[in-house]
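Here are my notes on this one, as numbered points. Have the viewer open while you read.

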Amino acid sequence: MMPISASTAAKKYCRLQALGGAYLGLFAGLLITFGVWRWSEHNFALNEQAYFDFRVGQLLASIDNRLEAYRQVLYGTRGLFAASSVVARAEFQEYINALHLEQRYPGIQGVGFSLIVPKDKKDVHIKEIRRQGFADYRIYPDQDREIYTSIIYLEPFSGRNLRAFGYDMFTEPVRRRAMEYACKHNQIGMSGKVTLVQETDSDVQAGFLLYLPVYRNNQPHDSVDERKASVIGWVYAPFRIKDFMSGVGDERRGDLNLSIYDGETLSADSLMYSDQPQLTTDQAIVTTRTLRTGGQVWTLVIRSEPGFGNWLNHDQSLTILISGMALSVMLAFLIREFITRGQALAFAAATNRELQESEARFRLMADSAPVLIWMTDAAESVVWLNKHWLDFTGRELSQELGRGWLESVYPSHLDLVVKLLGWHFQLRKPFSVEYRLRRHDGEYRWIVNSGVPRFDEKGEFVGFIGSCIDITSHKEMEEELWELATTDGLTGFLNRRHFLVRLQEEFNRMQRNDDLHSSVLMLDLDHFKRINDSYGHATGDAMLKHFAEIIRGQQRKIDVVGRLGGEEFAIILPDTDIYEARVFAERLRNVVASKPLWQQDTMIEITVSIGIALLNYASLSPDSVLGAADRALYRAKADGRNRVALAGK
Ligand SMILES: Nc1nc2c(ncn2[C@@H]2O[C@H](COP(=O)(O)OP(=O)(O)OP(=O)(O)O)[C@@H](O)[C@H]2O)c(=O)[nH]1
């Protein structure tokens with residue numbers, strides 16, 4: 001148990017404990033914060049990745065949808081050729097115009113038709129086209145070959161597209177591969193990266209083309225050979241890649257950075273398209289996807305742009321981090337406070353326990369102590385008494401509390417006790433008072449009551465606590481000793497020494513008032529020696545006792561009798577003049593003479609001689625008065641004994 005006055009080391013230990021707890025709390029809090037932050041970051045990364053994947057999917061679908069739309073355009077255009085054996089320029093133009101390419105198919109450069117022109121029909125063909133109003137028409141590049149192809153329709157037939165008029169795409173391997181693929185598989189063929197012939201010197205872009213073969217009507221084209229035999233040309237659509245991508249721009253939000261490579265090799269040569277260069281790449285999410293269509297592979301490298309997924313609330317992690325750290329610090333403070341309070345409470349509890357134990361110990365001691373213990377408040381009112389007190393007085397606690405206990409004080413002591421205690425309470429100093437207190441059996445016992453003031457920790461007076469000890473036996477012993485010291489053992493009268501003390505007191509009393517007077521008698525048994533000699537010393541003692549009894553029978557209570565020695569006695573008769581004293585002395589003498597001592601049927605007679613002197617303010621000293629009485633006694637003896645003589649008479 002912690003001592004009430006905790007040592008400095010204990011306090012230091014408590015402080016360290018609280019501090020240790022606080023740091024532990026801080027560490028745990030930071031650890032949890034770090035864990036939650038990591039979890040949040042991980043979660044965010046997962047969400048970000050999922051969102052990225054979703055956005056990439058959207059982008060790919062968007063590109064594919066756009067391509068699909070263009071594919072449908074080509075299929076529709078081929079349908080035009082299927083409907084009529086010869087499609088006139090005007091017809092083609094009308095059909096394409098009706099598609100409203102620019103509005104409905106953004107990014108498409110145009111839709112055209114490339115006709116296969118065998119070598120032997122080349123000249124006829126050129127003439128025919130020129131006849132249609134295109135005097136400069138020619139098939140280029142101008143080389144000699146077995147088969148020519150020529151773009152004879154391309155709508156809108158204006159601007160850049162005019163440059164493609166008459167171009168033999170079969171001469172260019174990339175385009176040719178796509179055209180042959182389309183024919184071979186009877187489906188859309190897509191070219192690799194090309195530079196369109198429509199390109200001018202400015203804003204040169206990479207391009208690609210989609211082809212769909214057109215077969216001669218009513219000719220089978222189920223097999224590759226049949227298709228090769230019946231193909232008359234291709235409807236096709238050229239695309240400038242940037243324009244194409246801007247066509248899918250509606251769905252793009254600028255959060256993804258896209259690069260498109262022709263084929264599966266990533267190189268500057270194969271790069272077809274790239275968004276603006278990214279500002280940062282370190283934390284970007286990157287994915288590489290391939291898009292296969294029309295026998296062609298595009299490799300798409302997609303990166304997240306800075307700020308991608310901002311709406312995912314990345315701040316949440318930061319918030320977790322900051323609030324977690326703040327909470328950890330708060331937790332540390334709380335723990336320190338908690339421990340400190342706990343220690344204070346434990347300390348208080350220990351103190352309280354100790355106080356209770358101390359109180360219990362005190363009560364046990366107080367109740368088992370063979371003394372009467374009391375306690376008052378500052379208003380002199382008794383608030384507590386021990387068991388022994390109640391056992392002693394035989395009263396209930398409720399009767400004794402307050403000032404009830406005073407009922408047991410000896411009535412003639414009560415006034416003094418109340419005054420003395422009141423005075424000591426005012427002085428607030430230790431005291432000790434002796435008085436008599438009634439015991440349960442009704443006997444008043446002498447007690448000594450000792451009290452000490454009580455002060456609280458602020459030094460405020462709060463009352464007294466004290467104890468009473470029964471000193472009756474001590475008093476009795478004292479009285480016995482006093483009696484032994486002051487009285488004659490044989491007769492019970494005052495001994496010579498104490499008689500002289502009382503004579504001195506009486507003398508002093510006379511000195512204070514000249515109206516007062518007393519008488520002093522000296523008495524001596526006549527021929528006492530003979531009794532001793534005749535009957536023995538014991539009979540002599542019996543005679544002395546017999547004589548003492550006779551005096552007791554005659555004296556007043558106020559009279560003071562002393563045995564001065566042997567058979568010699570003295571009596572002070574206060575406030576008695578010498579004549580009144582003579583009357584007393586005569587009566588006493590007569591009683592002595594008339595009351596012999598009987599010892600075993602033997603009557604032993606005795607007489608007494610008495611000398612009387614006056615004691616008043618004029619007396620010189622006690623000795624002089626005693627001397628005068630002694631001289632009067634001597635005269636009585638001399639005059640024949642058994643008589644009374646007055647001093648100076
Ligand atoms: N038994 C007894 N005798 C005592 C005591 N004290 C003194 N005496 C005796 O008392 C006697 C006193 O005798 P005295 O003083 O000579 O005179 P007396 O015989 O009384 O004669 P007078 O006084 O002249 O009448 C002595 O024998 C003492 O021994 C005592 O306490 N007891």
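Where is the place of Pro156?

1. Pro156 sits in the loop between E2 and helix H5 (173-185). Do check its backbone: the peptide bond from Glu155 to Pro156 is cis, with omega near -5°. Keep in mind that this is a predicted model.

2. There is a cis peptide bond between Tyr140 and Pro141 as well, and here omega is about 0°. Pro141 belongs to the loop between helix H4 (122-131) and strand E2 (147-155).

3. One more backbone item is His100, whose phi is near 50°, a positive value in a residue other than glycine. His100 lies in the loop between helix H2 (89-99) and helix H3 (101-104). For context, most residues other than glycine have a negative phi, and most peptide bonds are trans.

4. An unreviewed UniProt entry annotates residues 21-39 as "transmembrane region". In the model, that stretch is 100% helix and 0% strand, with its end C-alpha atoms 26 Å apart.

5. On to the ligand. Its shell has 15 residues, and the closest are Asp526, Phe528, Lys529, Gly540 and Gly566. Strand E16 (517-525), helix H14 (528-535) and H15 are the elements that give two or more residues to this shell. H15 gives the most, with four residues. Sorted by class, the shell around the ligand comes to three nonpolar, five polar and seven charged residues.

6. Two of those shell elements, H14 and H15, pack against each other at an angle of about 135°, with their axes 6 Å apart. That angle makes H14 oblique to H15. On the H14 side the contact is made by Phe528, Ile531, Asn532 and Tyr535, and on the H15 side by His537, Thr539, Gly540 and Met543. The residues of this contact split into four nonpolar, four polar and no charged. Phe528 and Gly540 take part in this contact and are also listed among the residues closest to the ligand.

7. H15 has another helix partner to look at. The axes of helix H15 (residues 537-554) and helix H16 (residues 578-594) come within 10 Å and cross at roughly 140°. H15 and H16 are therefore oblique to each other, and H15 passes H16 in a right-handed crossing. Phe547, Ile550, Ile551 and Gln554 of H15 make the contact with Arg587, Leu588, Val591 and Val592 of H16. By class, the residues of this contact are six nonpolar, one polar and one charged.

Methods: Residues are numbered from 1 along each chain as its sequence is written. This is a predicted model: local features need pLDDT of at least 70, side-chain atom pairs count only at pLDDT 80 or more; totals for chains, interfaces and linings use all residues. Axes are lines fitted to C-alpha atoms, for helices over the stretch in contact, and angles run from 0 to 180 degrees between N-to-C directions. Angles under 35 degrees count as roughly parallel, over 145 as roughly antiparallel, 65 to 115 as roughly perpendicular and the rest as oblique. A crossing is left-handed if the near helix is turned anticlockwise from the far one by less than a right angle, and right-handed if clockwise. Two residues are in contact if their C-beta atoms, placed from the backbone, lie within 7 Å. Ala, Val, Leu, Ile, Met, Phe, Trp, Tyr, Cys and Pro count as nonpolar, Asp, Glu, Lys and Arg as charged, and the others, Gly among them, as polar. UniProt positions are given in the numbering used here, feature names are shortened, and annotations may be inferred rather than shown by experiment. A residue is near a molecule or strand if its C-beta atom, placed from the backbone, lies within 6 Å of it.
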